[in-house]
Every structure is written in C-alpha cells, then in structure tokens.
Amino acid sequence: MSFPESLHAAYDVIVIGAGPAGLAAAATTAEAGLRTLLVDENSAPGGQIYRAITTSPLKNSSILGKDYEAGNDLVHTFEKSGADRLAGCTVWSLDRERVVGLSCGGEARLIKAERVIIATGAMERPFPIPGWTLPGVMTIGAGQTLLKSSGLIPSGRLALAGQGPLLWLYAAQILRAGGHIAAIFDTTPLANYISAAPHLPGFVFSPYWIKGLGLIREVKRVVKIVTGVTRLEAQGKNKLQTLVWEAGSRTGSIDLDVLMLHQGVVPHVNLAMAAGIKHEWDDIQLCFRPVLDESGNSSIKGIMIAGDGAGIGGAESAAERGRLAAIDTVANLRPDALAQIPSRDNVRNRLAQTMRGRAFLDHLYRPSKVFRIPQDASTIVCRCEEITAGEIRASIAIGATGPNQLKAYRRTGMGPCQGRLCGLTVTELMADERGKSPEEIGYYRLRSPVKPISLAELASIPQDETAIKAVVRG
C-alpha cells in the first residue's frame, strides 16, 4: 500500500497505533471535528489485543472469548468517525516539533500535527533463558498472533512456561481450538502471593476476578501444571528437543517440539524515548514508563501517550486512556466541540473501574530476578548480535558503565530490533552487577529512525521546507 493522494501535509491530530487506545482516541478527536490521521503498521485495525478483529478466520467466537469481540465496537465507532487511516505504514521518526516520519509502500513522508498521540501499546518482556533462541522456542504473544490472524495452533508436543494473565488466556484458547498442551511451567514466585495479598480485596471487586478464576480452572482441568518453577533451560541440536526444569527441590525434563514463553508485558517505549520524552523506572511493573499527567501529556508539549504504552493496564483501560488524551486534545484545539464527545468525568470514572484490581496483578505476576537477569554466563541476552550475559559482565568488569557504553564494547542494542528484545535485560543486568538501581543505569539512548528505512525511501520525501529542516536538525 502506498500513500493515498488524499493524504494531507498536516493534521490537527496524528494517532500512532490502531489498538484500543489509538482507535478510541482517533474516533473521539474526529467526532469533535478535528482533522485526524490514524497510522498503524498492520493491515487491519485492532492492535495486538484485538488483532485481526475484522479479518480473523476463526468463526467460532468462543475460542478467543467475549473480551476479544469487544474490539468490533471500537473499530465500528472509528470507521464512522471520519478519521483518515494509513494501514501497513511504519512510523520511523517523531520529533519535538511533532513532525512524524512515515514509510509506506517504498516511499516516505514527513507529516506535521498540532497534537500527536502515541498509542503503540505494549510488548512482551524479554525472557532470557538458556536456549531461548533455538528454533521451536517462541513467545506466547507470537503464538496468539498466529491464532488470531491465521487460525493456527502449534502441532507436536507443546509446553507453556512463565506467568501472567496472557499465559492462562492463551492456554484456554489453544484448548478451545482443539489443541493439546503437554504441561505448563508456572514461574510465579511463591513469595508473590504474600506481597499480593494486601491488594486482594480490590481484585475481588474488579472485573478480572471471575474471568481469571474461570480461565485457570478451565486449563487446570486438562493440563499438568508445575508450580514454583525456579529454572528453565531449552536444549536441542539445531532445534528445540527438551526442556529441563527445576522447581525448588524438584527437577525434571520433558521432550518438546514447541515451547512458548511469557512473563508479562511492558510499555513499548522506543518511539517515545527517541522523541526525547522523559521516562522513569517503575519498580512495581519493573520497566521504564513515560512521565505523564493524568490526561497523558508528556514532557514534550503537544505529544501525548495513551494505553499500555503509558503503563500496563489492559485493553479496557487503554481505550479509556485513549479517550482521555483525545478529550484533552479537543479541549486545547477545539473547546467548542467538547459537548459532542464523552465527558472527562465519565471517562475518568470508567478508567478507575477498569484499573481496580491492577495492583494485585502487578504484585502477583512480578517476574522473579532469575528470569529477568540471566545467571548462566552462556545465556544470550542480545539476540541480534548474539551477545551473552557472560560477555556483558566481562565488559562491565573492564569499564562499561551503562547500556550506551556497552554498545562500544559489544554492539548490544545495535541490531535490527534496536534494543527491543534486550533493553530491559541489559539495564537490569548492569544495575545488578554494579550495585545500582535501573533508574541510575538508564536505558539505551534511542534515536530516529526507530525502524529500518531505506535510502530510497528517504530520497522520496518531497523536498519542502519541513523536510529540509528535518534533515538540518538531524
């Protein structure tokens, strides 16, 4: 898909990401009469949580569940709003002047906006265990993408390992689709149940209580569960063959064809960090998150962040945070249209409802140190450059003080993923080794382009004043 002729050189609002937050935000600003552009890499709207909601080959709605079907309402509302949408389009740049660099169909454009709402959502937390780069080992998020978009489930002997709501949801979906799971290896630390206990009352009165219990019971009826897992190692020659596990004093191994890993999700921060937005370390969710006000305004005027990219809260809260960002945008750009969109107070009340019980989940599913910071020296941390935990520790011993200095020693974070799969691990490993906090160690210094772009695409940018200034600033 290439850029349509109807694409404007400037918009009132550009929303980046067509998940629940992006769809809700774009629909709201467009309904208020603001010229709105929604940009997304995928060909169909929905983001990860509602992936392929309009195109999924799965006709049996019970497989993915009622929560997935809620995505239809968001898409329908967006399509009626009058907002423009660019599908299959990569955002590779965002600067302080709210100029967005786009790549589509082999061409690139720079589009200016009065307001930009980043709604890029979350990504799976790195899960670096020995052997996690073997063919046959993948993330649960990737497995769920295949299920939603293509109706595919794993063949052969499958095991899931890790923790978190998505693990139990995907396990239930696999079973409903006719698949088989040999075992689930639950890595939730036993101590987490104690730390989560004070937050249980809020969780009991949340919408997650009944849903969560139901999923776990559904899976436990037919799948072997190994709890308290403290070590995992994928083994095999050229592909996965065996998973070796430990759970306290218990040890064992299981022959497998497919192993799927998951230990929660974290905000997708690359674009926001590259734009220069201030971030801070969240010691509960164990990740970097942007510093925002209650409406989603960032440290850069005119750039907002909504949804799980602002901190993990789930699909329902993401949509409400998207609406909050949109309401603030309308209040600043076209206050006379506020009566045409939901009220700020109503959205805040709904957001509070969706966030009830979140503290319990954050404490219960806080990943243990052994699965965040590899203890085995041979474990690969940076998959792109194949840099191991031992090599990183050796670099620290001879003077590497942080992730950016480490680039000069080992090229970590300089591959195609630009640190997405190793960034958090590198930060926490270096912090642990140097006896400092992750906040003190910091993250990779990210710059545009945040996604690969060819010289031919750059050359295709119309040579107007905006493009020239962008190059001069670079």
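**Aromatic rings**

Seven aromatic pairs are found in this structure, which is a predicted model. Start by selecting Trp281 and Phe288. Their rings form an edge-to-face pair, with centres 5.0 Å apart and 75 degrees between the planes. Are these two residues buried or exposed? Both Trp281 and Phe288 are buried.

Now trace the chain between them. Phe288 belongs to strand β18 (residues 287-290), while Tyr443 sits in the loop between α18 and α19. The two are 155 residues apart, so look for a link between distant parts of the chain. Phe288 and Tyr443 are both buried.

Ring pairs now join Trp281, Phe288, Tyr443 and Tyr444 into a cluster.

**A charge over a ring**

Move to Trp132 and Arg383. The charged end of Arg383 sits over the Trp132 ring, 4.7 Å from the ring's centre.

**Cysteines**

Next, select the cysteines. How many disulfides does the structure hold? The count is zero. Begin with Cys287. Its closest cysteine sulfur is in Cys422, and the 16 Å between the sulfurs is too far for a bond. Cys287 is buried, at 1% relative accessibility.

Now select Cys382. The cut-off for a disulfide is 2.5 Å between the sulfur atoms. Cys382 is buried as well, with a relative accessible area of 2%.

**Salt bridges**

Switch to the charged side chains. Side chains of opposite charge can pair when their charged atoms come close. How many salt bridges does the structure hold? There are 21.

Select Glu41 and Lys451. Their side chains form a salt bridge, 2.6 Å from N to O. This pair links distant parts of the chain, 410 residues apart. Glu41 lies in the loop between β2 (36-39) and α2 (61-64). Lys451 lies in the loop between α18 (438-441) and α19 (455-459). Glu41 is partly exposed, at 42% relative accessibility. Lys451 is also partly exposed, with a relative accessible area of 21%.

Go on to Glu233 and Arg231. This salt bridge has its closest N and O atoms 2.5 Å apart. Which side of the buried cut-off does each partner fall on? Glu233 counts as buried, at 18% relative accessibility. Arg231 is partly exposed, at 27%.

Then pick Asp328 and Arg344. They form a salt bridge too, with the closest N and O atoms 3.8 Å apart. Asp328 is in helix α11 (residues 315-333) and Arg344 in helix α12 (residues 344-355), so the bridge ties together parts 16 residues apart in sequence. Asp328 is buried, with 10% relative accessibility. Arg344 is partly exposed, at 23%.

For the last stop, select Asp67, Lys211 and Glu316 together. Salt bridges with shared partners join these three into one network.

Technical notes. Residues numbered from 1 in each chain as written. Predicted model: local features only at pLDDT ≥ 70, side-chain atom pairs only at ≥ 80, totals over all residues. Heavy atoms only, no water. Salt bridge = Lys/Arg side-chain N within 4 Å of Asp/Glu carboxyl O. Helix = DSSP H or I, 4+ residues; strand = E, 2+ residues; numbered from the N terminus. Buried < 20%, exposed > 50% of the residue type's maximum accessible area, 1.4 Å probe, protein only. Phe/Tyr/Trp six-rings, centres within 6.5 Å; stacked < 30°, edge-to-face > 60°. Lys NZ or Arg CZ within 6 Å of the ring centre and 35° of its normal.
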